[in-house]
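Reader: I am new to this structure and would like to learn how to read it. Please show it to me before we start.

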Amino acid sequence: MTARRLANWAAALDVDDIPEVTRRAALRHLLDGIGNAIGARRLDQGGPGLSVARGLGGPAQAHPLGDPEAISAPAAAFANGVLMHALDFDDTHAGALVHPTTVVAPAVLAVAEEVGATGAQTVTALVAGLEIACRLGAAAPHGFHARGLHATAVVGPLAGAVAAGLLYGADADRLTDAIGIAASSSGGLLEFLDTGANTKVLHPGNAGFNGVLAARLALAGASGPESVLEGRRGLYRALADRDVDPDGIVADLGTRWESAGIGIKPYPSCQLMHASLDAVAQALAEAARSGTEVSASRITAISVDVHPDSVDIVCGPGTGTRSPRSIYDAKFDLPWSVAALVHDGAVTVDTYAEASIVRPEVAATAALVDVVPAPDARPAADAAGRAVITLDDATRLVGEVPCSRGTSGRPMDDAAVAEKFRGNAGGGEASEALVQTVLGLCNAPSVGQIPALAADILSAS
């Protein structure tokens, strides 16, 4: 059974088995996730999740990032999952359409702090969890989303359970049980897309929380179905309404690293609009280089190609015809985000501030955006982008990109990720120390410096 095969691989994994490029990628993603969590706190987002996690209390085992006081490991995993996802600035595996770091890193940080794991043990668990999250999602590309479910929330508890279980010292038998237990907490409805609610930010928190619980339950003697992935009432048939190739999920484990291809976001919005934003930005940059004057008042039309699988998610009812209903709604409104890019010249966390999303001039430009479904053999999050901006003198500005920035086709290096981290966390000695601590985690005696430095950053903000 596939759960057993994944568990066997994870239980035998050692940090020395992981290629240096894969370890470095995992640490970049950890740094990015931590920076997103700190950025959310600095912008006062993710507060309800943090407040509830603190209220759960429990023994002082792990810290919500930025807090000086520790709470129980499951509660800390919940808080950090919400915080890492609150800005929708977290990484994405294009083939899986999953945010791997937000469901794995919170469980890893919490349990590593709880048990006093070394940096090498922490990195091993992190890589194992990321790899499993990517492979489980990629086995049914867009399958969960098509059923109204958030793929991150479906596969997240399983990946978090394996990562937590490794740090607790679980063997392959207990990891198999943990996978089976965790799958019963999979879910995550996409109904928020039709209302402007921000329930999606809670999904990674739930995944981390349930992953830690599943690992603990397995170690306490609870059992989980070994057939939970391919069974007739298993994860894929029940939640994606399809069969999957079990051999494909585990193919080349340990030699082909899906986690090394996770993309890092340059924009704090849904990944499925990033190629369009890049194409628009390229068109505007080409106009500037050629000396063509472009202002929002001169634009008569904007056409953007969008992968058909993305249309319902970022170009749903009301997008382009009304102002966003909330900050989170704006992050899933491609026409409005394109219009904001035209007006502001960039899309940043400030783009999605309360005062920004109610601007009538941006809404007026959004009404000019025409979405053109453009089939692409690649997954939606890895598709090409094309935009055509028409001016009042009939000039056409064309922008085309092969894929969005930050994806495996156009990746960010250590320096770019560190710069994004500084944008989220601010500058200062504590921020620089945290960058070096995370990127050097393989050789650290523990993860203890990470929450301590995060707290220093927040206290100085």
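Reader: How much area is buried between domain 1 and domain 2?

Author: The size of an interface is often given as the accessible area lost when the parts come together. Here, about 1600 Å² is buried between domain 1 and domain 2, and carbon and sulfur atoms give 68% of that area. Buried area is the accessible area (1.4 Å probe) that two parts lose on being put together, summed over both. In domain 1, the residues that lose the most area to domain 2 are Ala94, His142 and Leu193, together 28% of what that side buries. This is a predicted model: local features need pLDDT of at least 70, side-chain atom pairs count only at pLDDT 80 or more, and totals for chains, interfaces and linings use all residues. Residues are numbered from 1 along each chain as its sequence is written, and side-chain values use heavy atoms, with hydrogens and water left out.

Reader: Where in the chain do the two domains lie?

Author: Domain 1 covers 2-265 + 413-460 and domain 2 covers 271-401; these bounds come from an automatic or database domain assignment. Their C-alpha centres lie 31 Å apart. To the contact (heavy atoms within 4.5 Å), domain 1 gives 23 residues and domain 2 gives 16 residues.

Reader: How many salt bridges are there between domain 1 and domain 2?

Author: The count is zero, where a salt bridge is a side-chain nitrogen of Lys or Arg within 4 Å of a carboxyl oxygen of Asp or Glu.

Reader: Where does the largest cavity lie?

Author: Rolling a probe the size of a water molecule over the atoms shows where empty space is left. A cavity is a set of points on a 1 Å grid over the protein atoms alone where a 1.4 Å probe fits but cannot get out; lining residues have an atom within 4 Å of a point. Both domain 1 and domain 2 give residues to the lining of the largest cavity, so this cavity lies between them. Its lining has 16 residues, and His99, His145, Lys200, Cys270 and Phe332 lie nearest its centre.

Notes
1 Å grid on protein atoms, 1.4 Å probe; cavity = no way out; pocket = protein on both sides within 12 Å on 5 of 7 lines; lining within 4 Å.
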